[in-house]
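I set out below my notes on a single structure. The entries follow the order in which I looked things up.

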Amino acid sequence: MDPSRISLRQFRLPDVDDFLKWASDDKVTRYLRWNTITSREEALSYLQKVAIPQTYRRSICLDDRSIGYVSIKPGSGNDKSRARLGYAVSAEYWGQGIATAALKMAVANAFTEYQRLVRVEALVEVENVGSQRVLEKVGFLKEGLLRKYGFCKGAIRDMIVYSFLSTDMIK
């Protein structure tokens with residue numbers, strides 16, 4: 001995959017059909033905290049009320065078409081030195097290096113955009129081996145297992161915590 005075709009940008013309302021294509025796929029949303037989007041109206045509402053207002057949420061684009069998202073949400077108050085990473089990519093593009101390239105861009109941008117940021121962390125379900133590999137390719141360090149830590153899709157699940165520090169090098 002030519003990395004020049006991959007970009008990050010704010011979501012826009014015209015993304016609705018591209019967004020619906022991947023956000024309606026249970027394989028993509030399986031490990032996400034939000035449910036699969038089932039209609040164009042629901043997709044439009046999600047873009048308007050959630051994706052667009054959240055300035056830390058970006059559309060992962062291939063040739064400027066939305067194929068996923070990355071979110072690096074900074075903490076507040078005493079937690080401004082930390083941010084939480086989340087992401088998803090259309091199953092159609094799994095295994096092509098797109099998520100890795102997008103996360104490298106997002107992490108580099110986060111440390112520039114948020115001056116007090118020292119740590120970006122990601123929580124990944126134990127079963128989500130593909131996402132663990134992506135984080136490791138970017139340079140995230142696997143810190144450990146959090147037993148029965150995250151609630152997702154009706155169950156409390158074991159999570160692995162990964163971190164990337166401002167002093168770490170993107171691979």
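I looked up Lys 153 and located it in the loop between strand 6 and strand 7 (155-165); strands (E, at least two residues) and helices (H or I, at least four) are DSSP runs numbered from the N terminus. Lys 153 has a positive phi of about 55°, although it is not a glycine. Most residues other than glycine have a negative phi. At 37% relative accessibility, Lys 153 counts as partly exposed; the classes are buried under 20% relative accessible area, exposed over 50% and partly exposed in between, with a 1.4 Å probe and protein chains only.

I recorded the basis of the entries: this is a predicted model, in which local features need pLDDT of at least 70 and side-chain atom pairs count only at pLDDT 80 or more, while totals for chains, interfaces and linings use all residues. Residues are numbered from 1 along each chain as its sequence is written, and side-chain values use heavy atoms, with hydrogens and water left out.

I then turned to Asp 63, in the loop between strand 2 and strand 3. The phi of Asp 63 is near 55°, a positive value in a residue other than glycine. Asp 63 is partly exposed, with a relative accessible area of 45%.

Next I examined helix 3. Which residues of helix 3 are buried? In this helix, residues 40-51, they are Ala 43, Tyr 46, Leu 47 and Ala 51. Seen down the helix axis, they fall within an arc of 100°, so they line one face of helix 3; the arc is that of the directions from the axis to the C-beta atoms. An α-helix has 3.6 residues a turn, so residues three or four places apart point the same way. Glu 41 and Lys 49, on the other side of helix 3, are exposed. The cover over the buried residues of helix 3 includes helix 1 (16-23) and strand 2 (57-62).

I checked the aromatic rings and noted 10 aromatic pairs in the structure. Rings of Phe, Tyr and Trp (its six-membered ring) pair if their centres lie within 6.5 Å; planes under 30 degrees apart count as stacked, over 60 as edge-to-face and the rest as tilted. The rings of Phe 11 and Phe 19 are edge-to-face, because their centres are 6.0 Å apart and their planes are at 80°. Both Phe 11 and Phe 19 are buried. Trp 22 and Trp 34 also form an edge-to-face pair, because their ring centres are 6.3 Å apart and their planes are at 65°. Trp 22 lies in helix 1 and Trp 34 in the loop between helix 2 and helix 3, so this pair ties together parts that are 12 residues apart in sequence. Trp 22 and Trp 34 are buried. Ring pairs link Phe 11, Phe 19, Trp 22, Trp 34, Tyr 46 and Tyr 69 into a cluster.

I looked up Thr 100, which lies in helix 4. Thr 100 is buried, with a relative accessible area of 12%. Leaving aside neighbours within four places in sequence, Thr 100 is in contact (heavy atoms within 4.5 Å) with Val 134, Lys 137 and Val 138.
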